[in-house]
Amino acid sequence: MNREILPQFESSEKGLLVRAPAKINLSLLIADKRPDNYHNLETVMAKIAFYDEIFLETGQSSKLELVCKGNWSPEGKDNLVYKAAEFFYKAIEKEPDVKITLTKNIPAGSGLGGASSDAASTVLALNKLHNEILHENKLYDICAQLGSDVSFFLNGPLALCTGRGEKVEKIDKKFGFLLILILPNINISTKRVYEAYKVDMNRFNELSQKIRGYISDNKITLIPKLCANMLAKTCFLVDNNLALLQVKIREMTERPVCLSGSGSALFVLSDDVSYHDVDILRSEMSSRNCNCIIVSSNEW
């Protein structure tokens, strides 16, 4: 039932394989809107053992080439992997010479950070192929330009992220967990959710104080029990089918059902989940066109 935790890098004669893990938001607090139209936020993110795979081959052609396989992802220059490689080669002032094959397992638009993780992992892999030519600070600079939560995936597996999400404070505490991850066939526009979101600074400050206290007291296990995702209410109003699905899962598991990011992935943390209960849930989710998998926390 438990998915295997695989190494981040695997080298072979043909090239370098890097795994890009998904994340869940153990909490997601949204504050005021900034002059750049982003919202200030505060989130505790954790990597999980559910991976995209990126294979890099050098010396194949004197250009940058991206091949996409698996679940849908943007092609060519519209893909963050391509942009990450462009940024990297510009930073080291060399012409690209790499073929990148992205095998997409993490669904796009699920709130699991797949594209951001792919971008950060590509930067890490290229730096490894080029003998760690760039210092860690430069890698963070590149990732901050690529997206709000890309920097989180350079480190981890657990961190408190603030600002747009690009300010990463690693949490040096162990938090192992097992979760049921439900992947609905629902794609919710992040832009639409944020546009409909109404700021509640009193709620933000109340939750922030509580969560920072849990981190300080090494009580990380209490954070997901809050199901503190301030986008959830808006997200469920935007798509009632997702709201109904959450109610159904809660009825079946009798546990809190949390939303990751701006959706649509839902998760239930449970260390005592039984094979029988999961099989029943999986069957029900399948009838609703949802994928249901068991995933553990990631160790790196």
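Trainee: Why is E93 called exposed?

Mentor: This is a predicted model. In it, E93 has a relative accessible area of 72%. The cut-off for exposed is over 50%, so E93 counts as exposed.

Trainee: Where is E93 placed?

Mentor: E93 lies in the loop between helix 1 (80-92) and strand 5 (98-104).

Trainee: What makes the phi of E93 worth a remark?

Mentor: Phi of E93 is near 55°, a positive value, and E93 is not a glycine. Most residues other than glycine have a negative phi.

Trainee: How do you know whether N131 is buried or exposed?

Mentor: Its relative accessibility is 70%. Exposed starts over 50%, so N131 is exposed. N131 also has a positive phi, about 55°, without being a glycine. N131 sits in the loop between helix 2 (114-129) and helix 3.

Trainee: What is the omega of the bond that joins G156 and P157?

Mentor: Omega is about 10°, and the bond is cis. P157 is in the loop between helix 3 (136-146) and strand 6 (158-163).

Trainee: Which residues does the cis bond with omega of about 15° join?

Mentor: G263 and S264. S264 falls in the loop between strand 9 (258-259) and strand 10 (266-269). Most peptide bonds are trans.

Trainee: Which residues have the most contacts inside the largest nonpolar core?

Mentor: F50 and L181, in a core of 64 residues. A second, separate core has 37 residues, including A20, L102, A125 and I142.

Terms used:
Residues numbered from 1 in each chain as written. Predicted model: local features only at pLDDT ≥ 70, side-chain atom pairs only at ≥ 80, totals over all residues. Heavy atoms only, no water. Core = buried A, V, L, I, M, F, W, Y, C linked by side-chain atoms within 4.5 Å. Buried < 20%, exposed > 50% of the residue type's maximum accessible area, 1.4 Å probe, protein only. Helix = DSSP H or I, 4+ residues; strand = E, 2+ residues; numbered from the N terminus.
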